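Let's walk through this structure together, one neighbourhood at a time. Have the sequence and the 3D view ready side by side.

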Amino acid sequence: MANFNLKINGQSHQVDVDEDTPLLWVLRDHLGLVGTKYSCGIAQCGACTVHLNGEATFSCTLPVSSVGTDEVTTIEGLSKDGTHPVQKAWDEVDVAQCGYCQAGQLMTAAAFLKKNPKPSIEEIENAMNRNLCRCGTYHKIREAVALAAKTK
C-alpha cells in the first residue's frame, strides 16, 4: 500500500492503495465517485473515460501511481448542475438509452470540443470512435456533439 494525494474535481483527496490500482477503482471504491463506469476493463470501450489534465483518458487501466499531480475530472466534476453544453445537448437530443456508456461518451465529447470547438461531422465521428455504445446510439451522439459545438 502507498499513500497518494489526488486532485479530483477540484478537491484534494488522499488514498492508501496499491500503486497499481487502476484509477477507476480508486474513484469508485475509495472515493464513492461512481459516475465513472467499469465495462471492459482493458481500455477498449471508453465507459471509464475521465479527464486527466483535460485529456480524455481511460481510467480502467491507468495505475493510480501514474496520476501524480495531474488533475482528474470525472463526470461528477464536469458541471455541478448538469449545465455543461455537452450535458445540455445530450438532454435535448435525448441520447441515452440504457445510459451505461453515457458518462464516458460525455467526457470524451467535452474534451474533444474543448480542443476543437467547431468540428466537422467527420471529426466528431473520429473523436468519438473510441467509445462504444451497446445500444447503438451513435447517430444521436454525433447529433448531440454537433449541437453542443453550436451552442458553446
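This is a predicted model: local features need pLDDT of at least 70, side-chain atom pairs count only at pLDDT 80 or more; totals for chains, interfaces and linings use all residues.

Thr 57 belongs to strand E4, which covers residues 55-58.

Is Thr 57 buried or exposed? Its relative accessible area is 16%, and because buried means under 20%, Thr 57 counts as buried. Leaving aside residues up to four places away in sequence, Thr 57 touches Cys 48, Thr 49, Val 50, Leu 52 and Leu 62.

Next, turn to helix H1, residues 23-30, where Leu 23, Leu 24, Val 26 and Leu 27 are buried. What do the buried residues of H1 pack against? Their partners are strand E1 (2-8), strand E2 (11-17), strand E3 (49-52) and strand E5 (71-73). After H1 comes Gly 32, with a positive phi near 70°.

Now for the helix pairs. Helix H3 (residues 85-93) packs with helix H4 (residues 102-115) at an angle of about 130°, and their axes are 9 Å apart. That angle makes H3 oblique to H4, and H3 passes H4 in a right-handed crossing. On the H3 side, the contact is made by Val 86, Gln 87 and Trp 90, while H4 contributes Gln 102, Gln 105, Leu 106, Ala 109, Ala 110 and Leu 113. Sorted by class, the residues of this contact are 6 nonpolar and 3 polar, with no charged ones.

Stay with H4 and look for its packing with helix H6, residues 138-151. Here the angle is about 40° and the axes lie 11 Å apart, so H4 and H6 are also described as oblique to each other. H4 passes H6 in a right-handed crossing. The contact brings together Gln 105, Ala 109, Phe 112 and Leu 113 of H4 with Ile 141, Val 145, Ala 148 and Ala 149 of H6. How many nonpolar, polar and charged residues does the contact of H4 with H6 have? There are 7 nonpolar residues, 1 polar residue and no charged residues.

Methods
Residues are numbered from 1 along each chain as its sequence is written. Side-chain values use heavy atoms; hydrogens and water are left out. Helices (H or I, at least four residues) and strands (E, at least two) are DSSP runs, numbered from the N terminus. Buried means under 20% relative accessible area, exposed over 50%, partly exposed in between (1.4 Å probe, protein chains only). Contact means heavy atoms within 4.5 Å. Axes are lines fitted to C-alpha atoms, for helices over the stretch in contact, and angles run from 0 to 180 degrees between N-to-C directions. Angles under 35 degrees count as roughly parallel, over 145 as roughly antiparallel, 65 to 115 as roughly perpendicular and the rest as oblique. A crossing is left-handed if the near helix is turned anticlockwise from the far one by less than a right angle, and right-handed if clockwise. Ala, Val, Leu, Ile, Met, Phe, Trp, Tyr, Cys and Pro count as nonpolar, Asp, Glu, Lys and Arg as charged, and the others, Gly among them, as polar.
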